[in-house]
Amino acid sequence: MNWSTLEGLLGGVNKYSTAFGRIWLSMVFIFRVLVFLVAAQPVWGDEIKDFICNTAQPGCTNVCYDYIFPISHVRLWALQLIFVTCPSLMVLGHVYYREKKNLEYTTTHNGGHLYANPGKKRGGLWWTYLASLIIKAGLDAGFLYMLHYVYEGYDMPRLSKCSLEPCPNTVNCYTSRPTEKKIFTMFMVISSALCILMCICEIVYLIGKSIQKLVSKKKSDFRSKKSTRVDPTVSIQNLSNMADEWPSKKE
């Protein structure tokens with residue numbers, strides 16, 4: 001897979017992100033994609049070749065390997081990285097849609113603008129950005145749960161017992177480099193958890209900032225309604241004199 005292409009696409013989202021979003025993107029490419037390409041893939045490159053069972057029965061080793069490792073860690077992480085980074089493209093697509101609509105509006109309305117800043121997170125774009133954060137955090141959490149469910153934890157077994165056909169009896173199977181694989185598994189799990197935390201922080205930041213703006217707007221509206229415009233030529237003394245003169249005029 002060409003990860004540089006995906007990095008180039010997501011780089012465009014970076015200028016529309018908050019500080020938490022930029023940290024999230026840096027963590028994804030430095031601590032997850034880079035570690036995945038440089039370290040994790042070579043470690044799991046000898047998966048089935050060095051998976052040994054103490055039997056010479058043809059097919060037993062393959063069946064036991066498929067039972068113990070139903071899905072490869074590296075393939076699961078590759079799917080996770082693809083699915084987790086794709087929601088950010090929703091924001092990029094929405095911004096491009098706004099820019100296109102703004103260009104069409106400018107052409108037909110003699111230089112007018114439909115959006116003062118198409119990349120500003122307001123209206124529909126704010127909701128798109130918020131939805132992308134929720135989807136990213138949900139996908140990361142879902143893949144972590146899937147890994148935990150499939151392997152019953154994040155441990156890497158050194159010895160596994162298998163008694164499936166065509167194995168003649170219960171055989172012992174040995175995983176190659178289990179300690180190294182366990183370290184990388186925990187590293188990827190912790191990195192995913194930190195990315196989820198960044199998404200949650202960004203969600204709280206966006207909602208908190210919107211609430212703050214709404215409260216400030218309501219306060220300013222309340223102050224504008226409270227303050228009344230009074231004619232400066234009419235003073236309190238003039239008003240009292242007018243009240244004193246009123247009975248005499250009636251007589």
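Which residue in strand 3 does Cys-53 stand opposite? The legends below refer to a predicted model.

**View A. Strand 1 meets strand 3.**
Cys-53 stands opposite Cys-173 in strand 3. Strand 1 covers residues 52-53, and strand 3 covers residues 171-174. Two bridges join these strands. They run antiparallel.

**View B. Strand 2 meets strand 3.**
Strand 2 spans residues 159-162. Four bridges link strand 2 to strand 3. This pair runs antiparallel. Look for Cys-162: its opposite residue in strand 3 is Val-171. In a regular strand, side chains alternate between the two faces of the sheet.

**View C. Helix 4, end to end.**
Helix 4 runs through residues 73-85, which makes 13 residues. At 1.5 Å a residue, helix 4 should span 18 Å.

**View D. Buried residues of helix 4.**
Which residues of helix 4 are buried? They are His-73, Val-74, Leu-76, Trp-77, Ala-78, Gln-80, Leu-81, Val-84 and Thr-85.

**View E. A nonpolar patch on the surface.**
Ile-30, Phe-31, Leu-34, Leu-37, Val-38 and Phe-187 form this patch. Together they have about 530 Å² of accessible area. Helix 2, residues 19-43, gives the most to the patch: five residues.

**View F. Leu-37 in the patch.**
Leu-37 is found in helix 2. Leu-37 also belongs to the nonpolar patch. Why is Leu-37 called partly exposed? Its relative accessible area is 34%. Partly exposed residues lie between the buried cut-off, under 20%, and the exposed cut-off, over 50%.

How values were computed. Residues numbered from 1 in each chain as written. Predicted model: local features only at pLDDT ≥ 70, side-chain atom pairs only at ≥ 80, totals over all residues. Heavy atoms only, no water. Expected span 1.5 Å × (residues − 1). Buried < 20%, exposed > 50% of the residue type's maximum accessible area, 1.4 Å probe, protein only. Patch = residues over 30% accessible without salt bridge, like charges linked within 9 Å, V, L, I, M, F, W, Y side chains within 5 Å. Areas by Shrake-Rupley, 256 points an atom, 1.4 Å probe, with all protein chains shown as cover. Salt bridge = Lys/Arg side-chain N within 4 Å of Asp/Glu carboxyl O. Pairing = 2+ DSSP bridges.
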